[in-house]
Amino acid sequence: MTNQDILVDCFTTALAITSDTVTEALAYNSIPEWDSIAHMTLVAELESRFGVMMDTDDIIDMSSVAKAKAILGKYGVAFEG
Amino acid sequence: MFFAQLSKHGRRLAVVDGDRRLSYRQLSEAVAEFQKRLPEERSLVLLMTRNDLETLVAYLACLVAGHPLLLVDRGLDPQLLAALVTRYQPNLQVQGDEIVPLHDRQLPLAEELALLLSTSGSTGSPKQVALSAENLDANARSILASLPIQACDRTITTLPFQYSYGLSVINSHLLAGACLVMNEETMVSRRFWDRFRELDICSLAGVPFSYEMLLKLRFTQMDLPSLRYLTQAGGRLPEPVVRQLAEWAAETGRQFFVMYGQTEATARMAINVQPLAKPGAIGQAIPDGEFRLLSSGGSKVDAARQEGELIYQGPNVMLGYAESLADLAAFSPPSWLATGDLAWRDEDGDFYISGRLKRMIKPFGQRIGLDDVERLLAERGMAARAVGIEDALRVAFVPGASFSVESQLKEWLAKTLALHPSAIRVRAVPDLPVRPNGKADYPAVERLFDE
């Protein structure tokens with residue numbers, strides 16, 4: 001599994017959405033499934049799958065899929081392309 | 001009454017909503033203006049709530065004018081809303097600044113009725129808790145006497161407007177002449193914290209889930225110099241979390257209060273002022289309130305450390321329940337409120353909740369009646385039984401026309417109840433477990449979810 005696959009997996013599990021919905025542009029609060037409760041589930045999922053521990057600022061700034069990748073990048077998680 | 005004396009706080013800042021800032025005098029004027037747009041005849045008003053200035057003004061104007069209010073969150077499922085409208089036939093629907101007249105028939109509304117709050121919001125439960133203006137005022141006064149709310153304080157809304165705990169934060173701050181920052185952002189948003197710092201917020205109110213979220217955000221590491229105290233209610237916060245927050249409060253010179261309440265008591269009934277020493281306690285009744293414990297036989301339990309059903313008496317105890325319009329004509333308030341919780345008392349008189357008699361769960365602080373879930377499914381022709389296991393919803397159902405597979409029902413429940421799917425599990429069964437007397441066998445339903 002690539003990091004991209006794991007990322008998509010985290011989103012589909014935490015937000016209970018299908019993988020085709022997980023685009024770069026998908027943003028917090030833009031769909032009913034990505035609310036504050038799902039957000040915290042998502043953070044927990046990303047932290048456990050990638051073995052990282054995010055700061056407060058990163059948690060509250062993680063407002064889209066693209067942003068999540070950029071933030072995970074800071075913790076050494078690389079995404080191809 | 002707190003809502004009738006807004007202007008006495010004069011030029012003090014009352015409300016902030018976005019760029020708008022209103023003093024108590026200006027708020028009082030806005031309320032009077034809105035009141036002029038309401039009918040002369042006493043009317044039942046359906047108020048579609050959000051945490052904004054418009055909702056606050058409409059709410060206060062109806063209280064001042066004596067129009068009973070039915071509060072419904074603006075996000076409620078449209079079908080569930082339509083069912084509520086059919087059942088209670090409100091005269092007007094208010095949303096934002098807009099007043100939509102629905103009909104002008106005179107409804108049978110008891111004189112003392114001021115407010116209807118749902119017992120199980122997101123299920124659109126027809127069952128409402130009926131409250132009087134005295135209930136609201138009395139609870140606001142008791143809360144003000146229990147908490148260090150100061151007139152110069154500012155708080156920010158973190159709970160839904162129509163949720164009794166959220167509303168009690170609003171009422172008690174208006175009584176104190178303190179400032180309310182109306183906010184719809186959640187605590188995981190950057191804008192919430194920017195606002196918090198920019199406006200020097202002094203206090204936060206949260207349900208157990210809010211605090212779990214705050215700790216996950218490493219809240220105790222955040223630099224929040226204006227924050228003086230925290231309150232928690234709306235369900236049991238695990239003891240280690242209470243201890244962690246109480247220790248943080250003690251170390252940083254802040255205060256943390258664990259409270260206990262329910263909508264049937266307007267909002268709050270008890271306060272634990274020493275969560276560090278007694279992290280598992282709900283504390284003692286608020287001023288003007290009193291607790292008792294009843295044995296299963298109905299006699300009073302006087303001894304310490306003996307379990308009984310917790311009952312409560314005070315001026316904040318509701319007028320009663322309503323299930324339809326006809327119930328709004330007259331009320332006979334209970335002298336003691338049966339909380340539905342089992343509790344015991346220690347030698348100091350502090351109470352501890354030990355179990356629950358009522359069929360309800362509180363996932364993420366959201367109260368969901370299990371019978372309401374069964375009702376929703378029955379309305380769709382489904383035979384189903386709902387149970388709660390550690391505040392998560394478990395539904396056993398017989399596949400039928402509306403829902404034939406588990407995933408379909410789970411998805412529908414999550415959407416309709418606005419509940420995160422992680423708190424829902426469903427199981428398709430050929431028959432629902434029944435006891436020999438034909439009644440639902442809930443322990444057997446729970447066992448369906450073992451492993």
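**View 1. Thr266(B), a buried residue with positive phi.** Thr266(B) has a relative accessible area of 5%, so it counts as buried (under 20% relative accessible area; over 50% is exposed and in between is partly exposed, with a 1.4 Å probe and protein chains only). Its phi is near 70°, a positive value in a residue that isn't glycine. Look for Thr266(B) in the loop between β13 (255–261) and β14 (268–272) of chain B; helices (H or I, at least four residues) and strands (E, at least two) are DSSP runs, numbered from the N terminus. A heads-up for every view: this is a predicted model, where local features need pLDDT of at least 70 and side-chain atom pairs count only at pLDDT 80 or more, while totals for chains, interfaces and linings use all residues. Residues are numbered from 1 along each chain as its sequence is written, chains are lettered from A and ligands numbered from 1 in the order in which they are written, and side-chain values use heavy atoms, with hydrogens and water left out.

**View 2. Arg305(B), another loop residue with positive phi.** Here phi is near 60°, again in a residue other than glycine. Arg305(B) sits in the loop between β16 (290–294) and β17 (308–313) of chain B.

**View 3. The largest nonpolar core.** A nonpolar core is a set of buried Ala, Val, Leu, Ile, Met, Phe, Trp, Tyr and Cys residues joined through side-chain atoms within 4.5 Å. This one has 137 residues, and Leu27(B), Tyr59(B), Trp193(B) and Phe219(B) touch the most other members.

**View 4. Zooming in on Phe219(B) and its contacts.** Leave aside neighbours within four places in sequence, and Phe219(B) is in contact (heavy atoms within 4.5 Å) with Trp193(B), Leu204(B), Leu214(B), Leu224(B), Leu227(B), Leu230(B), Leu245(B) and Trp248(B).

**View 5. Helix α9 of chain B and the glycine just after it.** In α9 (residues 370–379), the buried residues include Leu370(B), Val373(B), Leu376(B) and Leu377(B). Just past the helix, Gly381(B) takes a positive phi of about 70°.
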